[in-house]
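Open the model in your viewer and keep the selection tool at hand. The tour below goes from stop to stop and says what to select at each one.

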Amino acid sequence: MGGTWLVLAAALIAAQAQNNRTGAPAVTRDRRIMSVGDTLLLPCQVQNLGSLVLLWRRGPAVLTAASLMVTRDERFRLVDGYNLQITDVGPQDAGDYVCQISDRVARDQVHTVEVLVPPSVRAAPESRHATARRGGATVLECRAAGNPVPSVTWHKLSNLFQNETNTRIGEGPQLQLSRLERQHSGRYACTVDNGVGPPVVTEFQLQVLYPPEITVERSWVHTGEGFRAELLCTVLADPPAEVSWYQNSFPLSASERVTMSARGNNHTLLIANVQPEDFGNYSCVADNSLGRARQHVEVSGRPGPARFTSAPLARADTRYTLAFAVDSYPPLDELRLLYRQLAINESFQQPGRWHDVVIPAPEPSGSLTHRVSHDLRGLQPGAVYEAIVQAKNRYGWNEVSDIFQFHTLGGTHTAHADELTPMFSSATALTLSDYANILALTILSLIIDQ
């Protein structure tokens with residue numbers, strides 16, 4: 001054993017002496033690119049070695065001296081003479097390996113080994129789940145390792161049940177999200193790739209906390225005694241909200257006629273066999289730890305708003321048949337039509353005065369929808385008119401209908417239906433005086449009814 005260490009000591013002294021020599025060394029170099037797990041064979045061809053000692057070095061560390069293994073790593077061994085073999089190559093094996101003869105002339109064989117390492121990821125948060133409040137910020141992190149240095153890209157993953165593609169939203173080790181809204185909730189993924197092996201994909205779940213948000217299917221529900229009423233509100237909240245129903249500020253409880261159900265985000269209040277006391281204002285109220293939201297729904301027996309069914313273009317120059325439909329469970333008691341000419345002529349563009357017409361109520365048909373038509377006579381040829389309608393049943397007057405425009409034939413210009421919008425927009429707003437006149441007519445009718 002002592003002889004072995006003497007040989008090793010002599011070899012080290014010779015190697016050190018060689019390092020101190022001056023002059024240009026005779027060095028040969030090559031490059032080896034390996035993958036993790038491979039077996040590496042580094043050749044060292046020597047002729048006429050004689051009594052000289054051959055060393056394998058890696059940096060200052062001596063791996064072998066002559067046929068002696070200096071390193072304790074069992075993956076290293078000499079094969080077929082002085083060739084160095086390394087099994088199960090790992091990232092730590094990268095570097096320069098030198099086969100060296102310690103004589104007066106330095107003759108080194110240098111092998112530069114590069115080890116390709118598949119990508120790996122260290123994620124933060126480690127749980128892969130992040131939580132933040134709406135309006136706040138959060139950071140998702142994928143620290144990548146590998147050789148070559150991997151690239152990191154970020155995607156927002158689509159809903160599994162929707163036909164959407166994943167959206168690329170960033171690159172680099174960190175994804176910073178600020179001014180968070182509820183639509184930012186969902187799945188995110190970082191993809192780490194360096195071309196060695198398959199890419200590594202790490203998924204995160206982001207939960208954005210926010211107070212309840214409520215939308216109602218209809219803010220006004222039309223029904224009648226003996227019929228049913230269905231109220232629907234959609235509640236979005238995280239954490240999930242507690243949902244309750246109120247009638248005229250009083251909490252509702254389930255009964256034989258009143259049932260409450262929930263399916264996903266949709267909450268339904270069903271009233272069967274409606275009675276007069278069921279009419280009124282209802283509220284859908286949602287609470288979670290971050291806040292409260294409320295939306296109102298009116299349940300009423302009053303008629304629904306009128307829907308115009310006649311064509312915008314008249315068939316005559318001074319007459320027009322106005323047709324509309326009104327939904328009402330009870331029979332209609334009265335109908336009121338207001339109409340006016342939009343522009344008297346090209347030089348006088350102000351609308352004409354409103355004409356107020358009381359239309360006889362149609363005969364009860366036993367149907368929910370009441371269809372009405374009324375002939376307007378004495379109109380101006382080639383003119384544009386607008387009309388609104390109100391209807392009344394035993395529960396009261398409905399809301400004023402949307403404005404409807406129609407055009408008579410004749411005159412210097414005969415418009416087509418598609419010309420009405422650019423000439424006189426159907427979205428033309430009523431003036432304050434118009435609303436005041438209509439409101440006054442409605443109030444007057446209510447006073448007369450009483």
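## The whole chain

The chain exposes about 25,100 Å², and carbon and sulfur atoms supply 51% of it. Such accessible areas come from the Shrake-Rupley method with a 1.4 Å probe, and for residues only the protein chains shown count as cover. This is a predicted model: local features need pLDDT of at least 70, side-chain atom pairs count only at pLDDT 80 or more, and totals for chains, interfaces and linings use all residues. Residues are numbered from 1 along each chain as its sequence is written, and side-chain values use heavy atoms, with hydrogens and water left out.

Colour by secondary structure to see 3 helices and 32 strands. Both are DSSP runs numbered from the N terminus: helices are H or I with at least four residues, strands are E with at least two. Of the 450 residues of the chain, 39% count as buried. Buried means under 20% relative accessible area, exposed over 50%, and partly exposed in between, with a 1.4 Å probe and protein chains only. Among the contacts in the chain with a separation of 6 or more, 64% come from residues 24 or more positions apart; a contact means heavy atoms within 4.5 Å.

## Stop 1: the disulfides

Select the cysteines. How many disulfides does the structure hold? There are 3, a disulfide being a pair of cysteine sulfur atoms within 2.5 Å. With the bonded cysteines numbered in sequence order, the pairing runs 1-2, 3-4, 5-6.

Start with cysteine 44 and cysteine 99, whose sulfur atoms are 1.6 Å apart. The link between cysteine 44 and cysteine 99 is left-handed, with -55° about the S-S bond. This pair links distant parts of the chain, 55 residues apart: cysteine 44 is in the loop between strand S2 (40-42) and strand S3 (54-58), and cysteine 99 is in strand S8 (residues 95-101). Cysteine 44 is buried at a relative accessible area of 4%, and cysteine 99 is buried at 2%.

Go on to cysteine 142 and cysteine 190, joined by a disulfide with an S to S distance of 1.9 Å. Their S-S torsion is about -75°, so this disulfide is left-handed. Cysteine 142 sits in strand S11 (residues 138-147) and cysteine 190 in strand S15 (residues 186-193), 48 residues apart. Cysteine 142 has a relative accessible area of 0% and is buried.

Next, select cysteine 233 and cysteine 284, where the S to S distance is 2.1 Å. Is this disulfide left-handed or right-handed? The torsion about the S-S bond of cysteine 233 and cysteine 284 is about 40°, so the disulfide is right-handed. Cysteine 233 lies in strand S18 (residues 229-238) and cysteine 284 in strand S23 (residues 280-288), so the pair ties together parts 51 residues apart in sequence. Cysteine 233 and cysteine 284 are buried.

## Stop 2: the nonpolar cores

A nonpolar core is a set of buried Ala, Val, Leu, Ile, Met, Phe, Trp, Tyr and Cys residues joined through side-chain atoms within 4.5 Å. Select Leu322, Phe324, Leu337, Tyr339 and Phe406: of the 23 residues in the largest nonpolar core, these touch the most other members. Several strands each supply at least two residues of this core, including strand S26 (320-327), strand S27 (334-341) and strand S30 (384-393). Apart from this core lies another, of 19 residues, among them Leu42, Cys44, Leu84 and Cys99.

Not counting residues up to four places away in sequence, leucine 322 touches Phe308, Ser310, Leu337, Val372, Ser373, His374, Ala387 and Phe404.

## Stop 3: aromatic rings

The whole structure has 9 aromatic pairs. Rings of Phe, Tyr and Trp (its six-membered ring) pair if their centres lie within 6.5 Å; planes under 30 degrees apart count as stacked, over 60 as edge-to-face and the rest as tilted.

Select tryptophan 154 and phenylalanine 204. Their ring centres are 5.7 Å apart and their planes are at 40°, so the pair is tilted. Tryptophan 154 lies in strand S12 (residues 151-156) and phenylalanine 204 in strand S16 (residues 200-216), so the pair ties together parts 50 residues apart in sequence. Tryptophan 154 is buried at 0% relative accessibility, and phenylalanine 204 is buried at 2%.

Finish with phenylalanine 404 and phenylalanine 406, a stacked pair at 6.4 Å centre to centre with 25° between the planes.
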